[in-house]
Amino acid sequence: MSKTKTFSLGGKALPIDIHTVWVDGDGQQLSVGDGVTRFDFACRGIRFVCRLEQAEGRARLALRGDLGPLPFSAESPAARFGLIRIADAACEALGSAVFRIDGGRLILGSDFDIPVPVTAVGLMSAVTLFLVPLMPYMEIIAIYLRPPLEPCKPGESAVRPEWRKSAVSGRGR
């Protein structure tokens with residue numbers, strides 16, 4: 001049975017010793033080995049959750065980021081169509097299904113191999129290599145949707161005000 005480990009940079013002063021960033025829930029240092037490691041991070045106002053699974057000399061990372069709700073057609077047909085088109089274009093240009101709609105939410109993610117032995121530098125390099133080509137798409141999506149971690153008023157729509165149906169229909173006047 002594998003022990004769940006947590007990747008944590010909290011409380012570490014720079015420069016970070018890359019050999020001591022793996023800790024359990026009590027802050028005790030762990031050796032990196034077979035098993036499952038979960039961690040999360042924020043990038044451009046989006047929370048990404050990751051699951052690193054190591055077994056038999058291989059390491060595979062599942063990375064997912066929730067970009068926000070896909071608006072209903074009644075709320076903003078223009079934003080809905082634009083977001084679907086951006087997701088389709090990104091998947092086509094990058095040659096993989098990195099964007100998908102799940103439960104009415106726009107999800108960015110993929111599963112990919114990580115070089116072994118897994119180090120903090122190797123792990124963050126692989127995550128960066130995955131995310132950098134997606135940054136332009138994330139910026140265009142942010143034109144339509146407020147990033148989930150961006151401050152907002154309670155109950156406020158994630159769709160930017162200028163893309164809400166009432167604002168779009170008022171433009172032609």
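Mentor: Pro115 is exposed, with a relative accessible area of 54%. The word "exposed" stands for over 50% relative accessible area, "buried" for under 20%, and "partly exposed" for values in between (1.4 Å probe, protein chains only). Please note that this is a predicted model, in which local features need pLDDT of at least 70 and side-chain atom pairs count only at pLDDT 80 or more, whereas totals for chains, interfaces and linings use all residues. Residues are numbered from 1 along each chain as its sequence is written, and side-chain values use heavy atoms, with hydrogens and water left out.

Pro115 belongs to the loop between β7 and α2 (120-131). Here the helices (H or I, at least four residues) and the strands (E, at least two) are DSSP runs, numbered from the N terminus. From C-alpha to C-alpha, Pro115 lies 8.4 Å from Ala126, although 11 residues separate the two in sequence. Another proline, Pro117, is located in the loop between β7 and α2. The peptide bond that joins Val116 and Pro117 is cis, with omega about 0°. To place this in context, most residues other than glycine have a negative phi, and most peptide bonds are trans.

Arg44, in the loop between β3 (35-43) and β4 (46-55), has a positive phi of about 55° although it is not a glycine. Arg44 counts as partly exposed because its relative accessibility is 46%. Glu56, in the loop between β4 and β5 (58-69), also has a positive phi, near 50°, and is a residue other than glycine. With 77% relative accessibility, Glu56 counts as exposed.

The chain contains four helices and seven strands, and from the N terminus on their order is β-β-β-β-β-α-β-β-α-α-α. Of its 173 residues, 35% count as buried. A contact means heavy atoms within 4.5 Å. Of the contacts in the chain between residues at least 6 apart in sequence, 54% join residues at least 24 apart.

The buried residues of α1 pack against β6 (99-102), β7 (105-114) and α3 (135-144). The expected span of a helix is 1.5 Å times one less than its number of residues. Helix α1 (residues 77-94) has 18 residues and should therefore span 26 Å, in agreement with the 26 Å between its end C-alpha atoms. To see how its residues are arranged, one takes an arc of the directions from the helix axis to the C-beta atoms. Buried in α1 are Ala79, Gly82, Leu83, Ile86, Ala87, Ala90 and Cys91. Viewed down the axis of α1, these buried residues fall within an arc of 160°, so they line one face of the helix. Phe81 and Glu92, on the other side of α1, are exposed. After α1 comes Gly95, whose phi is positive, near 75°.

Cys91 is buried, with a relative accessible area of 16%, and Cys50 counts as buried at 4% relative accessibility. A disulfide is a pair of cysteine sulfur atoms within 2.5 Å, and the structure holds zero disulfides.

Finally, we turn to the aromatic rings. A pair of aromatic rings is described by the distance of the centres and the angle of the planes. Rings of Phe, Tyr and Trp (its six-membered ring) pair if their centres lie within 6.5 Å; planes under 30 degrees apart count as stacked, over 60 as edge-to-face and the rest as tilted. Four aromatic pairs are found in a search of the whole structure. In one of them, the ring centres of Phe99 and Tyr137 are 6.5 Å apart and the planes stand at 70°, so the pair is edge-to-face. This pair links distant parts of the chain, with Phe99 in strand β6 and Tyr137 in helix α3, 38 residues apart. Phe99 counts as buried at 5% relative accessibility, and Tyr137 counts as buried at 19%. In a further pair, the rings of Tyr144 and Trp163 have centres 4.7 Å apart and planes at 50°, so the pair is tilted. Because Tyr144 lies in helix α3 and Trp163 in the loop between α3 and α4 (165-169), this pair ties together parts that are 19 residues apart in sequence. Tyr144 and Trp163 are both buried.
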